Amino acid sequence: MLGKAVHVKDDVKGTIRMLIKKGWQDNAFNQFVSDLIPFGRTLPDFREDWCKQRKSSLSLPEVTIIICFHNEAFSTLLRTIRSVLHYSHKPFLREIILVDDFSTMLHLKSRLDARIQKLPSVRLVRAKRREGLIRSRIIGAKEASTSIVLFLDSHCECTEGWLQPLIERIAENNRTVVSPVIDHIDPSTFEYVAQNPKDIQLGGFNWNLNFIWKSLPRKIAAKRKKFAAPVKTPTIAGGLFAINKDFFEHLGYYDEDFEIWGGENLELSFKVWMCGGTLEIVPCSHVGHVYRTTFPYAGARENAKRNSVRLAEVWLDDYAKYFYERIGYLKGDFGDVSQRQKLRKRLKCNTFEWYLNNVCSDMVVPNNTAARGQIYTTGSHDMCLNANASPPDGTSDVLIKPCHHQGGHQFWLYTREGRLQFDHLCLDFLFNVITLFTCRNLADTQIWLYDIKTKLMLHVNTQDCLSVVANEKNDMRPVLERCSGKKTQKWYMDNFNANNLIPVINLL
Ligand code: UD2
Ligand code: MN
C-alpha cells in the first residue's frame, strides 16, 4: 500500500454511491475509502538520512499520547491508534489516552470499548457532556501520568521514527513545544502526501486570527544547512504537538471558555512565545493528517469567532483592533476574560508587540494605509467589492455584493502604494479579468489610483477605470472601462486618507 491513493470509479451506482455520499456527510471526508484501507497500512519512511543516522545521547522520558474525538469514523480512529502503537518505539510510549467528547455515533460505544480492551496501553475516557476539542484536551492532559503529553487529531497516521525527535527537543529544554511536519492525507483518496523538508511550511496567522501556512522567510532559508534540523515557527496548526505537562499547566493550559473548535492553536502559540517558551517544527518527525475542506460541526464558525475575540482581548494588546475591524467591531458576547488577563499578568509575559518584533517580524501590520474597510460602488445602493477567496487559496474571483458591514470578505486595505489588498491577495487585472492574485512588488497591474474628488479608481497599467457590470445571472462584477465619469465608475472607501498615499510617480 505505502500510502497510495484509493480511487473509486466516478460512475458507481446504487448502495455504494449512497454509502460514499453518507461517508462524506458524516465526516467531511471519504469514509468509504478509509474503510477499505487496512488499519495497519504500511507507510514509507519519509525521513532524511540525517534523521536516521542520529542517535540520542539523552535517556528520554516517556510520553502520553492524547487523542480527542467527537463522532470520528471507526476506521480513521483505529488507524490513528494503530499507527501510534506500531511506529512509536517501545520505551517512549507510556499510554494512549482517548478522550471521547460525547460522541453520539453507535460505533464509538461498545464496539470501540471491545476493541480497546484488546489493545495494550490504550485507555478511554468519556466526557460527560460535549466539551469541545479544547476542554477535551485539558481533560486528557490532566489524566496523563508522564512529564510529556503529545496530542494528535483522531484522523492521523504516524510514520517511522516520528516520536523520538519530538521528545528529544523537550528533554533538552522543557519550555520547547514541538510539532511534527504535518503531511497531507487526501480526504478523498486517503493518499499520504509527504512534505519535502526543503520546502518546509511554517505556521503564521492573519489579522482575521486564522492560522495560515507560510514559506520559510528567505533569510532563514538561506542559512539552513541541515534541512531536517528543527525550525522555529511563530505558530503551530495546533492539532499535533508535544509539550511538557508542567509547562502546559504553568501556561494555564488553554482558555477553558473556548468552545468546540478554533483559536486555541493561536492562543497556545502566542503565549508559548510571549511567556518564555519556544515553538518548533521538527522535520525528522512526519505525521499525516486528513485535511477536511468543511466543518462537520454545527455552529463551529460562531464558536471560533467568539474564541478569537477572547484571544484578542487577552493577548493582542492594541493590535486587537486589526482583528476587530475585520469583524465589523461585532465582538458579540465573549464572556468574562478577567481570569485569563490575570494569568498573563502573573506570568509576566511579554507584549504582543514584542512577539511581532522578535518572532513574527515579517507580519505586515496594517497601520499605515490609505484606506481600510469596505469599498462601495455608487452605481447601486449599498453594494460592495467582495472577495470570494478563502485564503490561502491562490487566485480567485471578485464580485459586487450587498454590503454587510461585518468585515470578512468585504474588508479591504488600500495600501500606501495603491494596492487594493484582501488578506495576502491583491486586486489585479490579468488575462482581461479583474481577479485576486498574490501581491507582488513592482506589478503595476495591481496599482490603483483613487481620486477623492472624481471618485474614480484608475487602473494605472491600462489607464482605464474600475466599473461594474451585471452578467446574465445578474451577478455584478467589477470590470475595467474607458474612464467617463459615469455613475458605475464612482467609488467610496471607508477611512480614506489621501495623505497616506505615496505619490504614484515614485512607484513606477
Ligand atoms: C485544526 C487542528 C485541530 C485544531 C483546530 C482548531 C491540525 C491538523 N488540526 O483543525 O487540532 O487545533 O485546527 O481548533 O492542526 N473534536 C472534539 N470535539 C469537538 C470538535 C472536535 O473532540 O467538539 C476533535 C476532533 O474529532 C479531532 C480534533 O478534535 O480529533 C480536531 O478537530 P478537527 O479535526 O475538526 O480540526 P481541524 O483538523 O480541522
Ligand atoms: Mn483534524
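In general, a disulfide is a covalent bond between the sulfur atoms of two cysteines. Here the term is applied to a pair of cysteine sulfur atoms within 2.5 Å. Helices (H or I, at least four residues) and strands (E, at least two) are DSSP runs, numbered from the N terminus.

A word on the model. It is predicted: local features need pLDDT of at least 70, side-chain atom pairs count only at pLDDT 80 or more, while totals for chains, interfaces and linings use all residues, and side-chain values use heavy atoms, without hydrogens and water. Residues are numbered from 1 along each chain as its sequence is written, with chains lettered from A and ligands numbered from 1 in the order in which they are written.

Back to our pair. Is C426 buried or exposed? C426 counts as buried because its relative accessibility is 0%. Buried means under 20% relative accessible area, exposed over 50%, and partly exposed in between (1.4 Å probe, protein chains only). C439 has 25%, so C439 counts as partly exposed.

Next bond. C465 and C483 form a disulfide, with sulfur atoms 2.1 Å apart. The torsion about their S-S bond is about 95°, so this disulfide is right-handed. C465 lies in strand β23 (residues 464-470), and C483 in the loop between β24 (476-481) and β25 (491-493), so the pair ties together parts 18 residues apart in sequence. C465 is buried, at a relative accessible area of 1%. C483 is partly exposed, at 31%.

Third bond. The sulfur atoms of C384 and C403 are 2.2 Å apart, and they form a disulfide. This link is right-handed, with 95° about the S-S bond. The pair links distant parts of the chain: C384 is in strand β15 (residues 383-387), and C403 is in the loop between β16 (398-402) and β17 (412-414). They are 19 residues apart. Both C384 and C403 are buried.

How many disulfides does the count come to? Five. Number the bonded cysteines of the protein chain in sequence order, and the pairing reads 1-3, 2-4, 5-6, 7-8, 9-10.

Now for cysteines without a partner. C156 is in no disulfide. The nearest cysteine sulfur, that of C158, is 6.8 Å away. C156 is buried, at a relative accessible area of 2%. Then there is C360. C360 counts as buried, at 1% relative accessibility.

Last stop, N265. This residue lies in helix α10, residues 264-274. N265 is buried, with a relative accessible area of 13%. Which residues does N265 touch, leaving aside neighbours within four places in sequence? N265 is in contact with F211, I236, A237 and G238. Contact means heavy atoms within 4.5 Å. Compare D35, 230 residues from N265 along the chain: their C-alpha atoms are separated by 30 Å.
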